[in-house]
Amino acid sequence: MPLTVDDVDRFELSRLRLEAIAYRLLGSADEAQDVVQETFLRWQAADVDRVEVPEAWLTKVLTNLCLNQLASARARRETYVGRWLPEPLLAGDPMLGPADTAEQREAVSYAVLTLMERLSPNERAVYVLREAFDYPHREIAEILDITEAASQQNFHRAKKHVAYGKARTEIDEAAAKRIVEEFLAAATSGQTDELVRLLTKDAISIGDGGGKVPARTKAFEGAVTVAKFVWGMFKPAEAKRVIVGGSPEIYAWTANGEPAVVAVVEDRVVAIMCLEVTAEGITACRTQANPDKLERATEQWAAADHGEPLLVM
């Protein structure tokens, strides 16, 4: 039976929430939109008049589609060229979802999305539904077809893996901009001492080029090593301009709630470096340069009032 206008409206009321759940589960905006569309097709084929709580039904269908996607994604990532990192989303993107509490903001941070790759699909689903969307364990158990006790156990394991002993610092947009400005000033000063001062002793730097943009597979580790790498990254060179198709304009922004360096060439986002900040300093620089994972960021950038760049390389 074809959907009525009211049936379509009921789905559309849930679309943004479904996209936000799927993005957190999959780490990819494109894949999240595909899964939400598949959920709509399932809704279209269902006897919706018999669905008592549409939100619960849609969440269950979407989550299980994401679990299937995660299982196949693990196999795909074994053949991925280089280091796999999630797709970053710029500030203001509705797919980032709710950000009213510290837990919700933490759950969509780039650092946590990266660490969630350590989790099993069920652990990831429980963590996202509980931490980011405040679902009670009883409802999560029904969504995943597990016991309430199993949901609680999965949540505690996920929290332990994601925490990994470092307390990340909550940063507003103004503070994030100041951190990026200070970081860039140090990176372009011609000396690495200032960068070393901003970094923690065990700082790391990793990048994802997807085999399309040069990126080192193994992480750079240690403040001095990371500082040397970052200094070289922001040193202007013709070879770099050839790779990205022009002279990058560098902006201070936020992505997934973290301070971010955004590189733009002719209104196309070519790289986003997310800075993970703790009380001790910057503990990780994660750079997404795979053009396939920057298409949505480019769309969002076009709609943003981003002002003048801090520098042009």
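The legends below describe close-up views of a predicted model.

**View 1. The segment annotated in UniProt, residues 111-161.** An unreviewed UniProt entry gives these residues the annotation "domain: RNA polymerase sigma factor 70 region 4 type". Over residues 111-161 the chain is 76% helix and 0% strand.

**View 2. Helix α6 against helix α7.** Helix α6 covers residues 121-132 and helix α7 covers residues 137-144. The two pack at an angle of about 140°, and their axes are 10 Å apart. Angles over 145 degrees would count as roughly antiparallel, and α6 and α7 are therefore oblique to each other. Their crossing is right-handed. On the α6 side the contact is made by N122, A125, V126, L129 and R130; on the α7 side it is made by H137, I140, I143 and L144. Sorted by class, the contact of α6 with α7 has six nonpolar residues, two polar ones and one charged one.

**View 3. Helix α6 against helix α8.** Helix α8 spans residues 148-163 and packs with α6 at an angle of about 90°, with the axes 8 Å apart. This angle makes α6 roughly perpendicular to α8. From α6, the residues N122, E123, V126, Y127, R130 and E131 take part. They meet S151, N154, F155, R157, A158, K159, H161 and V162 of α8. The contact of α6 with α8 divides into five nonpolar, four polar and five charged residues.

**View 4. The open sheet of seven strands.** Read across the sheet, the strands come in the order β2-β1-β6-β5-β4-β3-β7, and their pairing is mixed. The edges are formed by β2 (220-221) and β7 (311-312). Each edge strand has a single partner, so one side of each is left without a neighbour in the sheet.

**View 5. The pair of strands β5 and β6.** Strand β5 runs over residues 268-278 and strand β6 over residues 281-288. They pair in the antiparallel sense, over seven bridges. M273 stands opposite T287 in β6.

**View 6. Helix α11 on the sheet.** Helix α11, residues 223-233, packs on the sheet and touches β1 (199-208), β2, β5 and β6. The direction of α11 makes about 45° with that of β1.

View 7. Helix α13 is formed by residues 295-302. The helix lies across β3 (249-255), β4 (258-265) and β5. Relative to β5, α13 runs at about 95°.

Note on methods: Residues are numbered from 1 along each chain as its sequence is written. This is a predicted model: local features need pLDDT of at least 70, side-chain atom pairs count only at pLDDT 80 or more; totals for chains, interfaces and linings use all residues. Side-chain values use heavy atoms; hydrogens and water are left out. Axes are lines fitted to C-alpha atoms, for helices over the stretch in contact, and angles run from 0 to 180 degrees between N-to-C directions. Helices (H or I, at least four residues) and strands (E, at least two) are DSSP runs, numbered from the N terminus. Angles under 35 degrees count as roughly parallel, over 145 as roughly antiparallel, 65 to 115 as roughly perpendicular and the rest as oblique. A crossing is left-handed if the near helix is turned anticlockwise from the far one by less than a right angle, and right-handed if clockwise. Contact means heavy atoms within 4.5 Å. Ala, Val, Leu, Ile, Met, Phe, Trp, Tyr, Cys and Pro count as nonpolar, Asp, Glu, Lys and Arg as charged, and the others, Gly among them, as polar. UniProt positions are given in the numbering used here, feature names are shortened, and annotations may be inferred rather than shown by experiment. Two strands pair if DSSP finds at least two bridges between them.
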